Amino acid sequence: KYSYQEARTLLEDIKTRNQRLFSCQFVMLLNCASKEELEELERRAINVAKKHNLNLGAIYFLQEAGFQSALPLCYSRLPIERTLTTSAAASFIPFTSMELNHRTKNSIYYGINGISGNLLRCDRVLLLNPTGWIFGKPGSGKSFKCKEEMLMFLLMNPNVDVIVIDPEMEYVHLAKLKGIDGTIVELNNTSGNFLNPLDGEIEDKDFLASKVEFCQAMTACIVGDRQMTPGVISLVDRCARYVYGRYSEQVTQSKKDGSSQSLKVPTFTDFYHEMKKIQDTEAQAVAKAMEIYVEGTNNFFAKESNVDIKNRYTVYVTRDLPSSMKPLAMLVVLESLWQRMVSNFYQGKISCVYIDEITTLFSSSYCLDFFSILWKRARKYNAILTGITQNPEELLSNMATRTMVSNSEFVLMMNQSASDRECLQELFNISEDQMAFIANGEEGSGLLYNGKAVIPFTDNFPKDTELYRAMTTKPDERN
């Protein structure tokens, strides 16, 4: 009676539940140095199987056929089979293991698949939306993983530029490596580094419109949102069009003459002087607010750039910025990133941009609005943007940034705090078994979301190497 019921259930599965029948074998190959060791290992394997309601049996007089069946030849020589339905057969490895192994020359190694033990390689350019995020609490290996990816981009593809916004000077050590020789741009009152926010690729058809919009955002950062009346917006538009119109005429004349002489790129000082010339109460008030950023102590955006911001590896260090300067400085750096992305696009290059502690960027509404536009347009300009933070819960609590995360197809998750784990589990539908990799996982292990599946991984980077000493954030292990 019981066998009859089983047969009826099986027939029902095949007819109504879209199940198929498969002839399956499960062969376990044990290698031992002695017969005694083999018998002990066999006993232990059978006991473990019994705990999970499985029956294992030794294949007497068929050892050679069993060995050949265990080899990866896709051919069985054993006369022992078990008929299983689709759902039952799918419970065996490798069917339950999601893999990510892009076989391209630019695919990057991210670790070992935590379930199957296979290589985990990803070419972010192949994803529908390569922009992504890296999450992890302090000590999880988050910064190390970022540096590992940066180095692979630089070493594997000469057509890639890497730009980093570094609030804690964690990424400057890579710039000093032989063969990298990157540029470190320290933004503060004493470094002597100047960054021209009005620089850009004038050949871009949207150049003037985007620069006018940036000048308005920059002015709003300086005078405050409430002071941005329609009159002030028009004044900013007038000054921006004038300074860029004059520069455009120089470029046109230079092309006609065939002259290769260097052209004077507009600076924020030129913009300030144009605003100061206007005999208007609002214009004079705006110029007065700008004075500290041109003739005062915070004038490191007032002159032409004196640093090589077109280096293959460029790090913007914002650690020592005055508090009053941070919103404006971050806006200027984002504009510099955007112009670099546009310039690289016309040269056929890929721009990889990393922003550490990205949540500090969103404390300013101007920066958030500017970055939202940057995030949406990056893919069209061959750019790969990566946000880094230890507080994903803060990101997901804001609708604008939550949309950015949910629309990204690359999310690397290291160890997380309890509240952050809950938010990520809900967003990416992570199973309880997978959650163990970001709950109490080892340093360097975590989960990788690639737009289709969540894949656990481990990465044990060798510590006795020069690269490790350059990438680690532990002071006692650095060079």
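What share of the contacts in the chain with a separation of 6 or more comes from residues 24 or more positions apart? In this predicted model, for which local features need pLDDT of at least 70, side-chain atom pairs count only at pLDDT 80 or more, and totals for chains, interfaces and linings use all residues, such residues account for 70% of these contacts, a contact being heavy atoms within 4.5 Å. Residues are numbered from 1 along each chain as its sequence is written, and side-chain values use heavy atoms, with hydrogens and water left out.

The chain holds 17 helices and 13 strands, taken as DSSP runs numbered from the N terminus (helices H or I, at least four residues; strands E, at least two). Along the principal axes, its C-alpha atoms fill a box of roughly 100 × 50 × 45 Å. Of the 479 residues, 46% count as buried, that is, under 20% relative accessible area with a 1.4 Å probe and protein chains only.

A search of the whole structure finds one cavity of 30 Å³ or more, where a cavity is a set of points on a 1 Å grid over the protein atoms alone at which a 1.4 Å probe fits but cannot get out, and lining residues have an atom within 4 Å of a point. The largest cavity contains about 40 Å³ of space, a volume being the space filled by probe spheres set on the points, which are joined across faces, edges and corners. Its lining consists of Ile108, Tyr109, Tyr110, Ile134, Lys145, Glu148, Glu149 and Leu412, and the elements that give two or more residues to this lining are strand 3 (108-113) and helix 5 (142-156).

Conventions
On a 1 Å grid over the protein atoms alone, a cavity is a set of points where a 1.4 Å probe fits but cannot get out, and a pocket is an open set with protein on both sides within 12 Å along at least five of seven lines; lining residues have an atom within 4 Å of a point. Buried means under 20% relative accessible area, exposed over 50%, partly exposed in between (1.4 Å probe, protein chains only).
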